[in-house]
Structures are given as structure tokens and as C-alpha cells.
Amino acid sequence: MDTTQRVLVTGATGNVGPHAVAQLLRAGVQTRALLLADDPNAGRLPKGAAVHHGSLAEPDSLDACLEGTDAVFLMWPFFTLDVTTVPAVLDKLREHNCRVVFVSSIGVHIGLEPVDNNCHAYLEQQIEKAGLEWTFLQTTGFACNARISWAAQLKAGDVVRSPYGKAVRSPVHEADVAAMAVRALTEDGHTGKRYVTTGPEALTQIEQLRIIGDVTGRHLRWEDVPAHAAKAAMVEAGWPQPYAAGALDYFETLVDKPETITHHIAGVLGRPPRTFREWAEEHADDFR
Ligand SMILES: NC(=O)c1ccc[n+]([C@@H]2O[C@H](COP(=O)([O-])OP(=O)(O)OC[C@H]3O[C@@H](n4cnc5c(N)ncnc54)[C@H](OP(=O)(O)O)[C@@H]3O)[C@@H](O)[C@H]2O)c1
């Protein structure tokens, strides 16, 4: 790993970003973290990164942190940002001659219009058009979606009420997404690659819940609810309406056609991806 490189991590207080920062620091890479000025989650940032305040919504605020940066780990907080700021942000990356590793989504393969309900496809198009050196991590759902979607229900009782319990996914551990990014940010040979970044196993949502039950010693149950009710709740929680609809349509297809599983993580990292059970064991306290 080239320890003279300087890498900027966006989304550094999200689910993937803190893993990426910690792994880069452990590897001795000079690591910068982009944080909103009044970031309420600043405590999630591992110690040792150089903190730069700025916002992807204000491209001019990025100049200081991009000065001297070689590579950027880009995560686009799509619920909070208008994609129309994308070209201006990418201009900044080009001006500062930065390579980019972007956390995209398996959703780019499901044939939706590349804007509202498929912002990752839009972002991939724009990054390619901007003439940057890029690597895309087209990830399946993060394992932590189980916590985001179910932990509150499981604090209140033993039942998860959600649609498409039989949808078969291949959840990927956030630390593995970060590990893929760290390789692509710091090694040669990853430019122009689209890594379909998946977990190692096909699991229905009901099976994921069962695993959480196993590791917490709880008897947990799944109750399917209609998609329209779930969509209303997602929109209420801030999902753009077309994106919520697109996600639910995708889940419906996964009942009959399991999500893709690839060997891209093993190919790049030289080891298999972490399992959902490993993730659940690490996070069992979130479900107690
Ligand atoms: N979850 C999935 O299953 C999934 C699947 C495929 C792809 N992805 C992609 O993965 C990426 C990373 O997800 P994640 O769960 O780690 O992140 P996340 O939890 O969605 O957090 C987003 C991060 O961006 C920061 N942020 C918010 N507004 C910002 C702004 N204006 N400028 C700069 N930073 C801002 C947030 O800061 P605060 O902490 O202050 O809010 C946070 O650190 C996402 O961009 C998503 O598109 C996710």
C-alpha cells in the first residue's frame, strides 16, 4: 500500500465511511475525512483522520480538502442531496486531479430510469462523462439495513412487519465494502472496474431475521405487510417516492429470482466476504 498517498473519505460518519477511515489509517495512508460543519455524528469518526469541513451540496467548500488529495472515496447521500449538484462536484475532482472510488448499487442493473429512482446509475454516467479515473462498487444491500429497518421494531417486540419476507438477498458487510474501496483507492489495477460487491450467500429476509434471533437468543417472527403500506412509511421516512417504489418493485422480483452473488470481493481481497451471521454477532446488542 502506498503510504505517501492522500485519500479523502466522504460519508465518513455513515455506515461504510468509518470502516474505510479506520482501514486506511491502519494501513498508514494519509487519510482525510469530509464532515459537515455541524455533523451530529462526528463521534463515529475514528481518531487519527484529518477532519475537513465541507459539503457535497456546496462544491466550492471542497477545494481545501481536495488540494493535494490523490483519491476520493465518494458516497452520495442521495436522500439529502439534489443530484443536479453532481457535475459541479465532479468538476472539482477533475480540477484537483483525483481518482474516484464510488459506492454505487446493484440497482444500476435493474433497468430503471437513471435519475430519481436510480441515482446511482445517473452518478456512474456522470463520473464516466467527467473523464475521471474511476472504480465503481455496485453493492447489494448492506447488512446494516437489518438494523436500520428492523431494530426499532425489535426493541418494541418480537415481530418484524415488512414486505417481501421471502425476497432473497445477498447482504454485504459494510466493512467489506470499505475494504474493497481501500484496495481500489490505494492500489493500481482497479481503474475502470465495476465490482459487483455482494455478500457470500443467498438469504431471504426471513432467514436474516432468524439469524438475528439465533445470535440474540430471541424467538423472532416475520409478518409480511402489503407493499403499498411499506411505501407510504418509506416516503414518510424521507425516501423519494420513485426510489421507494423502485426498491419495493426490486424486492418483489427477488422473491422468485435471488439476488446475484459474485466472487469480486474474494478476487480483490483474497478471502471470502464476511457472512451475515458474522455481522449479526458483531451487532447483536443492537437487537436486544
Ligand atoms: N444501504 C445500502 O444498502 C446501500 C446499497 C447500495 C449503495 N449504497 C450507497 O452507499 C453509500 C454509503 O452509505 P452509508 O450507509 O455508509 O451512508 P449513510 O449512512 O447514508 O450516510 C451518508 C453520509 O454522508 C454524510 N452527508 C450527508 N449530507 C452530506 C453532505 N451534504 N455533504 C457531505 N456529506 C454528507 C452523512 O453525514 P451525517 O452523519 O452528518 O448525516 C453520512 O456520513 C450511500 O451513498 C448509498 O448511496 C447503500
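I traced an open sheet of seven strands, ordered β3-β2-β1-β4-β5-β6-β9, with parallel pairing. I took strands (E, at least two residues) and helices (H or I, at least four) as DSSP runs, numbered from the N terminus, and two strands pair if DSSP finds at least two bridges between them. β3 (50–53) and β9 (194–197) are the edges with a single partner strand each, so one side of each has no neighbour in the sheet. From one strand to the next the twist averages 20 degrees.

A note on the source: this is a predicted model, where local features need pLDDT of at least 70 and side-chain atom pairs pLDDT 80 or more, while totals for chains, interfaces and linings use all residues. Residues are numbered from 1 along each chain as its sequence is written, and side-chain values use heavy atoms, without hydrogens and water.

**Strand pair and helices**

I followed β5 next: β5 and β6 (residues 134–139) pair in the parallel sense over six bridges. Val100 has Trp134 of β6 as its bridge partner.

Helix α1 (residues 17–26) packs on the sheet and touches β1 (6–9), β2 (30–35) and β4 (71–74), where contact means heavy atoms within 4.5 Å. Its direction makes about 165 degrees with that of β1; axes are lines fitted to C-alpha atoms, for helices over the stretch in contact, and angles run from 0 to 180 degrees between N-to-C directions.

Helix α4 (residues 119–129) lies across β4, β5, β6 and β9, at about 160 degrees to β5.

**Ligand**

Which residues come nearest to the ligand? Of the 28 around it, I listed Thr13, Asn15, Asp39, His120 and Asn145, with a heavy atom within 4 Å as the cut-off for being near. Strand β5 (residues 99–105) gives the most to this shell, with three residues.
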